[in-house]
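The following exercises are to be worked with the sequence and the coordinates at hand. Each task is followed by a solution in steps.

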Amino acid sequence: MTAQVITLSSGKGGVGKTTAVANIAVALAADGLKVVCIDGDIGLRNLDVVLGLENRIVYDVVDVIEGRCKLRQAMIRDKHLTGLYLIPAAQTRDKTAVSPSDMVRVCNELRPDHDYILIDSPAGIERGFRNAIAPADRVFVVTNPEISAVRDADRVIGILEAEEKRNPALIINRLNPALVKQNDMLSAEDVLDLLGIPLIGIVPEDQSVIIGSNHGTPVAQDPRSRAGQAFRNIARRLRGQEVPFLGMEKQSGLWDRLQKITGRRA
Amino acid sequence: MNWFGRQRSGSRAKERLQLVLIHDRTDLTSEELRELKDEILEVIARHVDFDSDAVQIAVEHDGRSQRLVADIPLRSVTRRRAE
């Protein structure tokens, strides 16, 4: 077993990176894979609350790096999924406490015993982002179909190109199909055309995501959630499975009709 | 366009982004691009006669790469003589 390291990044804050990390991790672990999530946002940790693990934190990633605990001791096991672990960010330190080579070292120690390591990058394009992408085998760029989020995603993609971080892929989060239909929102095709990198997932705007965060239970575990289905599809594509993209509303509408006929959901 | 003759905001967002991303990626402002065009045309005008109304010079994007595309229709010598 040699884990693949995937970093989720966005440039702009608030586009749903942490939610995406939590949900993809949950979807992978629900399929029986061994997954570690690392919160890369030192000083502003949040992956713990989204996963519902905030009360179990004893040690964090900075404790590991500075030798105050063993890596194992900082890994918090999920309440429900046996293969899922979180390494939380330090809350009382800043990003200068971690270097890119520290992140590479932590990931190399985790690789032999896991299938996937997912890193939640902080917003911005400075040190924290550099730390988060340093060990990455792949980077997923998360954006919203919204003008400032797309612009910042383009900056991040430009930096990844310059750093020769190969094959970034795009997650379009919070797409509102009704707004796209009336041409008051950038469509998935528009965003793909502008950013010019391959797509790994389209996640529709869905109230259940906030409700899931409120409970500390990511929606990927909810079979009725449309966003949850979209995150499960991303996890399957990551594993190399062919899963059709849904919610490309500007297209023929044939898919919508097919879905209605077959009763399948997004 | 909607009923009021105003462009829908989705299309407007895409157009604006296309321009912003060209500038972000090439570090070329629209003012600099205008100067660049003027200089290119100045050089070309020294050598050949062209139809300045039909000139098109723009940065186009093709996936992740940008190219400066110039379409400059030349006037033929015979037409010039006839004028």
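**Exercise 1. Determine how helix H7 and helix H9 of chain A pack, and which residues form their contact.**

Solution. The model is a predicted one.
Step 1: Take helix H7 of chain A as residues 147-162 and helix H9 of chain A as residues 188-195.
Step 2: Assign the handedness; H7(A) passes H9(A) in a right-handed crossing.
Step 3: List the partners. H7(A) contributes A:Val150, A:Ala153, A:Asp154 and A:Ile157, which meet A:Val191, A:Leu194 and A:Leu195 of H9(A).
Step 4: Classify the residues of this contact, which gives six nonpolar, no polar and one charged.

**Exercise 2. Compare the span of H1(A) with the expected value, and state how many of its residues are buried.**

Solution. 
Step 1: H1(A) has 14 residues, and the distance from its first C-alpha to its last is 20 Å. This is close to the 20 Å expected at 1.5 Å a residue.
Step 2: Apply the burial criterion, under which a residue is buried if 20 or more other C-beta atoms lie within 10 Å of its own. By this criterion 13 of the 14 residues of H1(A) are buried, and the helix is mostly covered.
Step 3: Inspect the backbone just after H1(A), where A:Gly32 adopts a positive phi of about 90°.

**Exercise 3. Describe the secondary structure and burial of chain B, and the composition of its side of the contact with chain A.**

Solution. 
Step 1: Chain B contains three helices and two strands. Along the sequence they follow the pattern α-α-β-β-α.
Step 2: Of the 83 residues in chain B, 5% are buried.
Step 3: Consider the contacts within chain B between residues at least 6 apart in sequence; 44% of these join residues at least 24 apart.
Step 4: Turn to the contact between the chains, which takes 15 residues from chain B and 16 residues from chain A. The chain B side divides into four nonpolar, five polar and six charged residues.

Key. Residues are numbered from 1 along each chain as its sequence is written. Chains are lettered from A and ligands numbered from 1 in the order in which they are written. This is a predicted model: local features need pLDDT of at least 70, side-chain atom pairs count only at pLDDT 80 or more; totals for chains, interfaces and linings use all residues. Axes are lines fitted to C-alpha atoms, for helices over the stretch in contact, and angles run from 0 to 180 degrees between N-to-C directions. Helices (H or I, at least four residues) and strands (E, at least two) are DSSP runs, numbered from the N terminus. A crossing is left-handed if the near helix is turned anticlockwise from the far one by less than a right angle, and right-handed if clockwise. Two residues are in contact if their C-beta atoms, placed from the backbone, lie within 7 Å. Ala, Val, Leu, Ile, Met, Phe, Trp, Tyr, Cys and Pro count as nonpolar, Asp, Glu, Lys and Arg as charged, and the others, Gly among them, as polar. The expected span of a helix is 1.5 Å times one less than its number of residues. A residue is buried if 20 or more other C-beta atoms lie within 10 Å of its own, exposed if 12 or fewer, and partly exposed in between; C-beta atoms are placed from the backbone.
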